[in-house]
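Trainee: Could we take a close look at one part of this model and follow it in some detail? I'd like to know what packs there and what space is left around it.

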Amino acid sequence: MTTLSDPPQSAFKPSMLLNDTRYRGYTFQFIALVCVAALFAYLGSNLLQNLRDAGLVISFNFLGDAANYDINQTLIEYNNQMDHWRAALVGVLNTLLVSFLACITATIFGVFAGVARLSQNWLMRKLMSAYVEAFRNVPVLIWIIIIFTVMTAVMPAPRDFRGEDAAASMVLFDSVAFTNRGVYVPKPIFGPGGWAVVLVFIASLVGAVWYRRYATKLLYETGKLLPTGWPTLAIIFLPAILAYFVLGQPISLEYPELGGFNFTGGINILGSLIALWFALAIYTGAFIAENVRAGILSVSKGQTEAAASLGLRPRRIMNLVILPQALRVIIPPLISHYLNITKNSSLAIAVGYMDLTGTLGGITLNQTGRAIECILLLMAFYLTISLSISAIMNVYNNSVKLKER
């Protein structure tokens, strides 16, 4: 009887790096890596040599010098006697603020427009088609300038709110003023225990999300349908309201008031921030709408008909059958749109909004002449933010993709 066995493995020889297909790929990859490293080393040494010849040395000590310039919108305490590092931090926070607001708003616009483009209502379908085609085919910089120009030209000046027969008036019980210098809204004042109410509200939001996920899981596993509308609202608001009164109403509001030549008090949301925010949102929302429409169309129509035959209403068919499957098509391009919003926020300088490009890459660079250091910091910031957004969204994408047994 003959027994077959695997042939003995030959000993490794250097010639196998080229002749053996098991190692040949690694050899070429290593050679390519060495070539790329050598190229960057040559470019780096050439840059350093040219800087030395010009009498320049790369240093970040300038970040500790006084900035000597003002910033019109800040989320943290800042004045012109603080250093460039503080000014750059204000720019970072301003960039994150407008990017976060634009991502949330663009998602709402995009989902609504994408679903409405598939509506049976002819007028709604055509209106959404016009929105998508009009906004995605015009550069976002144009929309930023248009919205900012309309706000400054159409909105009333603060002096129009003066007098008994004023040409303009505040809205929402005289608490909000829309002016050509921005929108003035009430400012929350936190007393002792105020942040506890905020923490309760955040915990309530997490609880509401957990309840809706539990209701969906229970429906899929047992077919038992729990109400989600009023319980979600109750979970979000009731604990925070109870905490607010139990702790003695620790949060009050400071309303804007007209004094001198402008409003004082409250929070001033600059027109430049609003213009940049809405321009990024409506522009990117048009692209997201097409992704949502493509994701919905990727789901077989037979599944909609099967769900309808079981007695599900159109809204539940969309929430329970269509959207969960469409998300695997929608999420990957949505990550790219979020990254584009963050990068396109650098156009803020067109309307005078002081984001990171306006502070570190604008005034700080011009004052100090440290172009290489400023550009390196800008690249590091945008790279870090982009990679962070990609990592977070990829985690969410893995959580919603189809699970195969």
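**A helix pair and the pockets**

Mentor: Helices α3 and α11 lie roughly antiparallel to each other, the name for angles over 145 degrees. Before we go on, this is a predicted model, where local features need pLDDT of at least 70 and side-chain atom pairs 80 or more, while totals for chains, interfaces and linings use all residues. Numbering starts from 1 along each chain as its sequence is written, and side-chain values use heavy atoms, without hydrogens or water.

Helix α3 covers residues 84–116 and α11 covers 356–368; helices here are DSSP runs of H or I, at least four residues, and strands are E runs of at least two. Their axes (lines fitted to C-alpha atoms over the stretch in contact) come within 7 Å and cross at roughly 155°. On the α3 side, the contact (heavy atoms within 4.5 Å) uses H84, A87, A88, G91, V92 and T95. Facing them from α11 are L356, T359, L360, T364, Q367 and T368. Together these residues include five nonpolar, seven polar and no charged ones; Asp, Glu, Lys and Arg count as charged, Ala, Val, Leu, Ile, Met, Phe, Trp, Tyr, Cys and Pro as nonpolar, and the others as polar.

Now for the open space. A pocket is an open set of points on a 1 Å grid where a 1.4 Å probe fits, with protein on both sides within 12 Å along at least five of seven lines; lining residues have an atom within 4 Å of a point. The largest pocket has a volume of about 2000 Å³, counted as the space filled by probe spheres on the points. Its lining has 50 residues, and R213, P324, L327, Y396 and V400 are the closest to the centre. Helix α3 gives two or more residues to this lining, as do α6 (194–222), α8 (271–297), α10 (314–344) and α12 (371–400). The largest share, 15 residues, belongs to α10. By class, the lining has 32 nonpolar, nine polar and nine charged residues.

Helix α3 also takes part in the second largest pocket, supplying at least two lining residues, as do β7 (267–269) and α8. This pocket holds about 380 Å³. Of its 13 lining residues, Q73, L75, L97, I267 and N268 are the closest to the centre. Nine of the lining residues are nonpolar, four are polar and none is charged.

Terms used:
Axes are lines fitted to C-alpha atoms, for helices over the stretch in contact, and angles run from 0 to 180 degrees between N-to-C directions. Angles under 35 degrees count as roughly parallel, over 145 as roughly antiparallel, 65 to 115 as roughly perpendicular and the rest as oblique.
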